[in-house]
Amino acid sequence: MTAQDPALTMTTPMIHVVAAALVDAEGRVLLAQRPVGKHLAGYWEFPGGKVEPDEPPLQALRREILEEIGVEIGTAESLIRIPWHYPGKSILLDVYRVREFHGEPRSCEGQPLKWVPTAALDIHEMPPADHPVINALRLPDRYWITPQPAADIEAAVAQIDAALERGIRLIQLRAKGYDESALAALAEVAQRHVRAAGGRLLINSRIDLAESLGLDGVHLTSAQLKSCKERPLPSRFLVGASCHDTAELTAARELGVDFAVLGPVRYTPSHPDAAPLGWAQFEALCAQSLMPVYALGGMHLDDLESARRYGGQGIAGISGF
Ligand SMILES: Nc1nc2c([nH]c(=O)n2[C@H]2C[C@H](O)[C@@H](COP(=O)(O)OP(=O)(O)OP(=O)(O)O)O2)c(=O)[nH]1
Ligand SMILES: [Mg+2]
């Protein structure tokens, strides 16, 4: 990710910018090209603009989208907020996902428009503040971590199939008790099943296996965050990381991981000594994280709404959902 201007952090007033990721029936997202002569000219962005003084953000979003692309939007779901410092200018990029809109988007200000499948969104043609937004659009709202898998591979795969059946599309394979050959065998079969369902499989901590078996990615432990000097796998892999505090979230960001899991939000019997963050602290940490963050620790399906309200991508957990 492009470095921010450290001299600006704290001092410059933040400009609140609202933007809409309009999603069509095929799952494509609308991008608009910034005009010549404006800040970040030529980059492809999510349509939107500055919130006026005392204007509620959602009202600003409606106004900007009508002004720029001539459509009226229905429900807008808060997706992610990225505070970003450009040289000479600091923004809070506040992005909403909009699936309901009336009318065909048209260019009202002469700006070129295009629909892009989320898988094809390209960081190189989008403003730096938008890079984490791409991950937020691609990631689901539930991240399931396998419980200690059953001793035999068939039963372990059946657990994964059951999760796919429940609509889970992002899975972390965590199989601590498995020996080397059983782990590789399980990972290969699990990956095939998850991919066939259109999901993604990350393996816990084993960067080497993610690469050699061609898995979708790896989930780094907080200890690995300290030992890794750079992002361990290229961008075609998904890299997640376990974080508990600001320092770990900062380390994750500096490594360029795609998303974090943050917790424990609640007390959990699996980590009786860890002090729960609670939602207020979860929210404060998310707001500065600059990446999608899943809430972990005692999460159930009915916590999903809170996780999203407090700025998270969704919930992560082993049991619970
Ligand atoms: N709309 C939008 N702006 C973005 C994105 N990413 C990003 O860094 N920005 C920056 C570019 C600008 O510095 C600022 C948005 O300002 P803007 O120029 O669009 O504001 P506006 O539509 O209200 O237009 P105006 O005040 O210049 O007439 O946020 C994005 O995805 N969408
Ligand atoms: Mg604009």
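Predicted model: local features only at pLDDT ≥ 70, side-chain atom pairs only at ≥ 80, totals over all residues.
Begin at Ser205, which sits in the loop between β12 (200–204) and α5 (207–212). Phi of Ser205 is near 60°, a positive value in a residue that is not glycine. Ser205 is partly exposed, because 18 other C-beta atoms lie within 10 Å, and a residue would need 20 or more to count as buried.

Next, select Leu40, in the loop between β2 (28–33) and β3 (44–45). Leu40 is another residue other than glycine with a positive phi, near 60°. Is Leu40 buried or partly exposed? Leu40 is partly exposed, with 15 other C-beta atoms within 10 Å.

Now go to Gly263 and Pro264. The peptide bond joining Gly263 and Pro264 is cis, with omega at about 0°. To place Pro264, display the loop between β15 (259–262) and α8 (278–287).

Then select residues 57–69, which form helix α1. The helix has 13 residues and spans 18 Å from its first C-alpha to its last, close to the 18 Å expected at 1.5 Å a residue. Show the side chains of Leu61, Glu64, Ile65, Glu68 and Ile69: these residues of α1 are buried. They lie on the same side of α1, because the arc they cover around the axis is only 100°. An α-helix has 3.6 residues a turn, so residues three or four places apart point the same way. Step just past the end of α1 to Gly70, where phi is positive, about 65°.

Finally, colour the chain by domain: domain 1 covers 14–138 and domain 2 covers 142–317. Taken over C-alpha atoms, the centres of domain 1 and domain 2 are 28 Å apart. How many residues of domain 1 are in contact with domain 2? Seven residues of domain 1 are in contact with nine of domain 2. On the domain 1 side, β6 (76–86) and α2 (131–138) each supply at least two of the touching residues. Select β6 to see the largest share of that side, four residues. By type, the residues of domain 1 that touch domain 2 divide into four nonpolar, two polar and one charged.

Key
Residues numbered from 1 in each chain as written. Chains lettered and ligands numbered in written order. Expected span 1.5 Å × (residues − 1). Buried ≥ 20, exposed ≤ 12 C-beta atoms within 10 Å, placed from the backbone. Arc of directions from axis to C-beta. Domains from an automatic or database assignment. Contact = placed C-beta atoms within 7 Å. Nonpolar A, V, L, I, M, F, W, Y, C, P; charged D, E, K, R; others polar.
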